[in-house]
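Me: Could you walk me through this one? I'd like to start with charged pairs and then move on to the fold and the packing.

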Amino acid sequence: MPYDTVDRDKIEQMVREFYDLVLKDDILGPIFTKSLGSDLNSGKWHEHLNTLASFWLLMMTGISRYQGDPFPPHAFLGPLTPESFDRWLKLFKGVVYRLFVQDIADSFYRKAEILARQFRDNLGVDDDDDDDDDW
């Protein structure tokens, strides 16, 4: 049964399941493996997953354990494309809608769309057809 509340443990589960999919993905896997390795149990991944759990906890509940700016660590991941952002959102959507009731999943996904748009804008990653209506 999907979760109808949000807390640190549920967010940690969501983040871990999401990045487990990311590492197996043909488009996203190589990007993250290059930076953090392929083992979610490694020290680099542990730190990244913990940071992401704190970030999403802040975004979803207002509980502030996250400090920093989410953009700079992602600025050097390598060449990112509209397709990589679309895939990131697709995988994220699948995980949050499987784990959470619709209103919570909707909230997660809206925030993820905003975040993806901000990252795309900051990185200068534009759609080939310059059609921003897709977002």
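**Charged pairs, helices and core**

Reply: Bearing in mind that this is a predicted model, a salt bridge joins Asp 20 and Lys 24, whose closest N and O atoms lie 3.1 Å apart.

Me: Where do Asp 20 and Lys 24 sit relative to each other in helix α1?

Reply: Asp 20 and Lys 24 are four residues apart in α1, so about one helical turn separates them. An α-helix has 3.6 residues a turn, so residues three or four places apart point the same way.

Me: And is Lys 24 buried or exposed?

Reply: Lys 24 counts as exposed, because its relative accessibility is 60% and the cut-off for exposed is over 50%. Asp 20, with a relative accessible area of 32%, is partly exposed.

Me: How many salt bridges turn up in the whole structure?

Reply: A search of the whole structure gives seven. One of the seven is between Arg 98 and Glu 17, with the closest N and O atoms 2.6 Å apart. That pair links distant parts of the chain, since Arg 98 belongs to helix α4 and Glu 17 to helix α1, 81 residues apart. Arg 98 is partly exposed at a relative accessible area of 47%, and Glu 17 is partly exposed at 24%.

Me: What does Arg 87 pair with?

Reply: Arg 87 forms a salt bridge with Asp 25, the closest N and O atoms being 2.6 Å apart. Here too distant parts of the chain are linked, with Arg 87 in helix α4 and Asp 25 in the loop between α1 and α2, 62 residues apart. Arg 87 is partly exposed, with a relative accessible area of 25%, whereas Asp 25 counts as buried because its relative accessibility is 11% and buried means under 20%.

Me: Switching to the fold, how many helices and strands are in the chain?

Reply: The chain has five helices and zero strands, so that its elements read α-α-α-α-α from the N terminus on. Of its 135 residues, 41% count as buried, and among contacts with a separation of 6 or more, 66% are between residues 24 or more positions apart.

Me: Which residues have the most contacts inside the largest nonpolar core?

Reply: They are Met 14, Tyr 19, Trp 56, Trp 88, Phe 92 and Phe 108, in a core of 39 residues. Each of α1, α2, α3, α4 and α5 supplies at least two residues of this core.

Me: Take Phe 108, then: what does it touch?

Reply: Leaving aside residues up to four places away in sequence, Phe 108 touches Val 6, Ile 11, Met 14, Trp 56, Met 60, Phe 92, Val 96 and Phe 100. Phe 108 is one of the buried residues of α5, which also include Tyr 109, Leu 115, Arg 117 and Arg 120, and the buried residues of that helix pack against α1, α3 and α4.

Me: How does the span of α5 compare with what 1.5 Å a residue gives?

Reply: The two agree, because the 22 residues of α5 should span 32 Å and the end C-alpha atoms are 31 Å apart. After α5 comes Gly 124, which has a positive phi near 70 degrees.

Me: And what does α3 pack against?

Reply: The buried residues of α3 pack against α1, α2, α4 and α5; among those buried residues are Trp 45, Leu 52, Trp 56 and Met 60. Helix α3 covers residues 43–61 and reaches 27 Å between its first and last C-alpha, close to the 27 Å expected, and just after it Gly 62 takes a positive phi of about 85 degrees.

Note on methods. Residues are numbered from 1 along each chain as its sequence is written. This is a predicted model: local features need pLDDT of at least 70, side-chain atom pairs count only at pLDDT 80 or more; totals for chains, interfaces and linings use all residues. Side-chain values use heavy atoms; hydrogens and water are left out. The expected span of a helix is 1.5 Å times one less than its number of residues. Buried means under 20% relative accessible area, exposed over 50%, partly exposed in between (1.4 Å probe, protein chains only). Contact means heavy atoms within 4.5 Å. A nonpolar core is a set of buried Ala, Val, Leu, Ile, Met, Phe, Trp, Tyr and Cys residues joined through side-chain atoms within 4.5 Å. A salt bridge is a side-chain nitrogen of Lys or Arg within 4 Å of a carboxyl oxygen of Asp or Glu.
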